Amino acid sequence: MSDVSGMVASSVPTEPGTERRLHPLTLMLDLSRQLPQALIGLIALRLSGPDEIRSWVALIAFVAIVAMFGTTFWKWWRFSYRLDPQELRIASGIISRNVRSIPYERIQDVNLEQGLLSRMLGMAKVRLETGSSGSGDEGVLDSVDLAEAGRLRDVIRLRKAVQAGASDPQADAVPLPAEADTPPMFAMDTRRVLTAGVFNFSLVFFALIGALVNNLDFLLPGDIWDPRRLLDLLGLDDLFAALDIAARVLSVIAALFGLLVIGLIGGIIRTGLREHGFRLDRTETGFRRRRGLITLTDVVMPLHRIQAAVIATGPVRRRLGWFELKVQSLASDSEKDSDHSVAPLAHAEEVRAILNETGIRWDTDYPQMRSVDPAMWWVPLVFALPVPMVGIAVSATLANPWLALLYVLLPVVPLCSWLHWRAHRYALEGGQLYVRDGFWAQRLTLLPLRRVQSVDIKQSAVSRFIGLAEVEIGVAGRSTAVTVHAIPLQEAIALRTRLIAIS
Amino acid sequence: MSTSMAEMLAPPVEPVSALSEGLRPVEPGYAHVIRLTVLITVLPFVVGAGVLETVTAVKGWMQPGAILVPVLALAAFIVVFLPQRKWRRWGYSGADEQLRVARGWLFRTDTIVPFKRIQHIDVAQGPVERLFGLASLTVHTAGTHNSIVTLPGLTRDDAEVMRDAMRLHIRREAE
């Protein structure tokens, strides 16, 4: 499927390129996306619209479909792109025309994406990352012929290199075709993908079913959620009544077990869909990642844009020696995700091998790192715990004495808080800041000091009283700050000085 | 009244903690900017209280002044005293090729942005600021957190001088 490679980079012409349109089959894809909605709308109109309209539905449908075909075709006809010597031009718009010029040197990544349909039709979506803070839709060609997509990528990379004044532009552009033969930096076989799935326990299925039920509510009887009604419906009423308490307990355990199994299966399926055939290659300028079972994605990450690395693991995975490596890059591969996972499930030495290429080191870990002041866990509790304590007392006296049993659950809160404190450590070593968070989802952030954009020292009235502060570091391409919590003010100031000095 | 008071208070910022060393205060006139902005926000509430007061007084439900007096007292506190305190919490420094901005008391934040990390710079002047000849300087970094750091309460000239100093750095770093 990965025939993106195998294209030959064309030489640099000086005259404007030819206007090209998107693949004609794009029309079909667009229509296939719109049609279901339109059909549902028409059916709804036929079934529930005002009486006088119903008989006209056929005509309306005809007009609507013709209009849909017409506008889609017109849009497609008016959308064109052109590879000029200096920039990529994209002209679009039916009535109000918009011509966008993207200089090659501004294009950071050229990413290809293939959905199931476009794979069958031999097309790919080309996404140009320009690194602007917008939605990432600055340049999307949806979709072109796979060969054309490969050509676009090669031409853009070549001209970008020429514009950037690279000494040997050819060397920059050629590796893409060549690297299919070289062994990948990191790849995951099916077994590894399945193992990753096991750790990706996910209850997304339940969310899906929940959403479905929410939307299809009208099909179900109104009182379906009443347990008695449910049992009645399933014909289990008598059966359940006959069961003794032990059986009920067993059935609850069985239900929990079922939840676990469904969660596991959900995780495996989700991970399998995303990570199938995971392959990370080292190109001349950076990494290239290909993955996906149904939707294939092909992402290029230039090394010089990588800002920080995150090594994620969990208590079980750590014990088994599994880690996930993500890098934070200026351009994000999708709107919701600013980390690029470059190794979803890897052993420590594999992670180190990949990190070596980025120049980020992983020299220290939890045991050698500094812990922060214990005030981090107990101070919030002073403010947070009284509320549920009083709440439980009040409701137990007023409503039901059994509610006092909730006090048993209360120690969970300080326990979690304590575990979080224990998991939070930091270190400043070898020109890198290491920050570790989370006892369940453990994340170790590796931040080279030259990537520090800004540093905050924050103190609330309470932390000032105790003499503590937190340090927040702004990093590009990451929505939240890298934070070191609860360290003495003097230490915070010293840390800040060292963070800024090297940057 | 507060010009003299402001001048009295202006010299070194009374150190809130070790954090405040080496900070310069923003222009005293910024207290007026805060005051005027706050006044605009508070005024509708005072008017509302006045109306309520009149209504209840006419109907005889409450002692006269039961509403207006506390509201006026609170408004006076917010408008007369708080701006001075708020102004005092602001501090900045442009030394060592870093922009340092400190603000707030209940939640104090002290930000440093190295000049060479700055992407672009705004000098902005709102209508209230223009009234007092002040401007605010906003720097943008590439970071997503803290990508915008604003320093209000500079004279227009100071703001432009700082901007030019930073701009030189941006150009130098960009080679």
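**Close-up 1. Strand 20 of chain A sits inside the structure.** Strand 20 (residues 468–475) of chain A is largely enclosed by the rest of the structure, because seven of its eight residues are buried. Please keep in mind that this and every other view shows a predicted model. On one side, strand 20 of chain A is joined by six bridges to strand 19 of chain A, and the two run antiparallel.

**Close-up 2. A hairpin links strand 20 and strand 21 of chain A.** Strand 21 (residues 482–488) of chain A runs antiparallel to strand 20 of chain A, with five bridges joining them. Within this pairing, A:V482 of strand 21 is the residue opposite A:I473. Six residues lie between the two strands of the hairpin, and A:G477 there adopts a positive phi near 75°.

**Close-up 3. Strand 19 of chain A meets strand 4 of chain B.** Here the view moves to the place where the two chains touch. Strand 19 (residues 452–460) of chain A and strand 4 of chain B run antiparallel and are joined by six bridges.

**Close-up 4. The contact between chain A and chain B draws on both chains.** Chain A gives 25 residues to the contact and chain B gives 22 residues. On the side of chain B that touches chain A, strand 4 (residues 107–114) supplies the largest share, with eight residues. Sorted by class, this side of chain B holds ten polar, nine nonpolar and three charged residues.

Close-up 5. Strand 10 (residues 286–291) of chain A is mostly covered, with six of its six residues buried. Four bridges tie strand 10 to strand 9 (residues 279–282) of chain A in an antiparallel arrangement. These two strands make a hairpin that has three residues between them. Across the pairing, A:F287 in strand 10 of chain A faces A:R282 as its opposite residue.

**Close-up 6. A second hairpin joins strand 10 and strand 11 of chain A.** Strand 11 (residues 296–302) of chain A is antiparallel to strand 10 of chain A, and six bridges join the two. A:R288 finds its bridge partner in A:V300 of strand 11. This hairpin has four residues between its strands, and A:G292 takes a positive phi near 120°.

**Close-up 7. Four strands of chain A make an open sheet.** The sheet has the strand order 1-2-3-4 in chain A, and its pairing is antiparallel. Its edges are strand 1 (20–21) and strand 4 (98–103) of chain A, each of which pairs on one side only. Strand 3 (residues 87–92) of chain A pairs with strand 4 of chain A over six bridges in the antiparallel sense. Among the residues to look for is A:L88, whose bridge partner in strand 4 of chain A is A:I102.

**Close-up 8. Helix 16 of chain A is hardly covered.** To finish, here is a helix. None of the 13 residues of helix 16 (residues 386–398) of chain A counts as buried. From first C-alpha to last, helix 16 of chain A reaches 18 Å, close to the 18 Å expected at 1.5 Å a residue.

Definitions and conventions: Residues are numbered from 1 along each chain as its sequence is written. Chains are lettered from A and ligands numbered from 1 in the order in which they are written. This is a predicted model: local features need pLDDT of at least 70, side-chain atom pairs count only at pLDDT 80 or more; totals for chains, interfaces and linings use all residues. A residue is buried if 20 or more other C-beta atoms lie within 10 Å of its own, exposed if 12 or fewer, and partly exposed in between; C-beta atoms are placed from the backbone. Two strands pair if DSSP finds at least two bridges between them. Two residues are in contact if their C-beta atoms, placed from the backbone, lie within 7 Å. Ala, Val, Leu, Ile, Met, Phe, Trp, Tyr, Cys and Pro count as nonpolar, Asp, Glu, Lys and Arg as charged, and the others, Gly among them, as polar. The expected span of a helix is 1.5 Å times one less than its number of residues.
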